[in-house]
Amino acid sequence: MTLVRTVTIVVALGATWAGAADIGYLSPPGFPAKEFPSPRRPVAPIASLSRSADEHRDSLNEVGEVARLLELKPGMTIGDIGAGSGYYSVRLSHLVGPSGSVVAQDVMRDYLVELHTRTDQLGLTNVTFAMGEPHDPRLPTSSLDAAILGHMYHEIAQPYAFLYNLTPALKPGAQIGIVDFERPISKHGTPIELLRCELTAVDYREVATYQLAGDGGYLAVFVPPQAADRKSPGDIVACAHRAGSR
């Protein structure tokens, strides 16, 4: 009996790692980082994986509020950009249902491997994993009905290039929702005025900004520019550094 159980565990782990080995880029590279300005403000270090705050975030109904405000529905394909531990990926998997999908994207392969293992354990079959680069999410053209950047915008090392290269992945009418805290980047937040400036610099248009319940931060909703309206990378001007973004 012990031998059978051991073999079963080994086979299961082998299947998990075989699937994890398939994690990679889902599309060819977009515009290179060198064509864009670097941000004229600090960039927060990528946070270590942690799910310690999940229960508190659930008590504030963070995902439910974000889903309601972005009008997410079953059958959609949602990008969880900078998925990390998968807080949004796991919960949105249930929301979009079997006819929809979640694309968990991150620049940290180890994070995606761990999330892959977790979704396997939870029996979630509608989550796809996508490696990205600091300047390019590497997602297929017209693949997303919406994108969520949850508490990670301040960690994007090349925001102008990243947003520019994200644009083609969004379907017509798609929105992006950025969840963050109104506090300095050094404290893992993004002042809303800085956020507006950087997205406007890449021709995104603000739809609305909402204060989330409790201490959950804000949700800023934007729509990307049409292809014909996009300026060239060399014409993008970086936002001036302000004291509030330290």
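This is a predicted model: local features need pLDDT of at least 70, side-chain atom pairs count only at pLDDT 80 or more; totals for chains, interfaces and linings use all residues.

Student: How is the exposure of H188 classed?
Tutor: One reads the relative accessibility, where values under 20% count as buried and values over 50% as exposed. H188 has 25% relative accessibility, and therefore counts as partly exposed.

Student: Where is S142 placed, and what is its phi?
Tutor: S142 lies in the loop between β3 (127-131) and β4 (144-150). Its phi is near 50°, again a positive value in a residue other than glycine. S142 is also partly exposed, because its relative accessibility is 38%.

Student: How many helices and strands are in the chain?
Tutor: The chain has seven helices and seven strands. Along the sequence, they follow the pattern α-α-α-β-α-β-α-β-β-α-β-α-β-β.

Student: What share of the chain is buried?
Tutor: Of the 246 residues in the chain, 51% are buried. Among contacts with a separation of 6 or more, 77% are between residues 24 or more positions apart.

Student: Why does the length of helix α5 agree with its number of residues?
Tutor: Helix α5 (residues 109-122) has 14 residues, so at 1.5 Å a residue it should span 20 Å. The expected span is 1.5 Å times one less than the number of residues. The end C-alpha atoms of α5 are 20 Å apart, which agrees.

Student: Which residues of α5 are buried?
Tutor: They are Y111, L112, V113, L115, H116, R118 and T119. Just after α5, G123 takes a positive phi of about 75°.

Student: How do α4 and α5 pack?
Tutor: To describe a pair of helices, one gives the angle and the distance between their axes. For α4 and α5, the angle is about 30° and the axes are 11 Å apart. Angles under 35 degrees count as roughly parallel, so α4 is roughly parallel to α5. Their crossing is right-handed. In this pair, S89, V90 and R91 of α4 meet L115, R118 and L122 of α5. By class, the contact has three nonpolar, one polar and two charged residues.

Student: At what angle do α3 and α4 pack?
Tutor: Helix α3 (residues 62-70) and helix α4 (residues 87-96) pack at about 60°, with their axes 11 Å apart. This angle makes α3 oblique to α4. The crossing of α3 with α4 is right-handed. The contact is made by E62, V63, V66 and A67 of α3, together with Y87, Y88, R91, L92 and L95 of α4. Seven of these residues are nonpolar, none is polar and two are charged.

Student: Which residues make the contact of α6 with α7?
Tutor: Let us take the geometry first. The axes of helix α6 (residues 159-166) and helix α7 (residues 192-201) come within 9 Å and cross at roughly 55°, which makes α6 oblique to α7. Here, too, the crossing is right-handed. P159, Y160 and L163 of α6 make the contact with E198, L199 and A201 of α7. These divide into five nonpolar, no polar and one charged.

Note on methods: Residues are numbered from 1 along each chain as its sequence is written. Side-chain values use heavy atoms; hydrogens and water are left out. Helices (H or I, at least four residues) and strands (E, at least two) are DSSP runs, numbered from the N terminus. Buried means under 20% relative accessible area, exposed over 50%, partly exposed in between (1.4 Å probe, protein chains only). Axes are lines fitted to C-alpha atoms, for helices over the stretch in contact, and angles run from 0 to 180 degrees between N-to-C directions. Angles under 35 degrees count as roughly parallel, over 145 as roughly antiparallel, 65 to 115 as roughly perpendicular and the rest as oblique. A crossing is left-handed if the near helix is turned anticlockwise from the far one by less than a right angle, and right-handed if clockwise. Contact means heavy atoms within 4.5 Å. Ala, Val, Leu, Ile, Met, Phe, Trp, Tyr, Cys and Pro count as nonpolar, Asp, Glu, Lys and Arg as charged, and the others, Gly among them, as polar.
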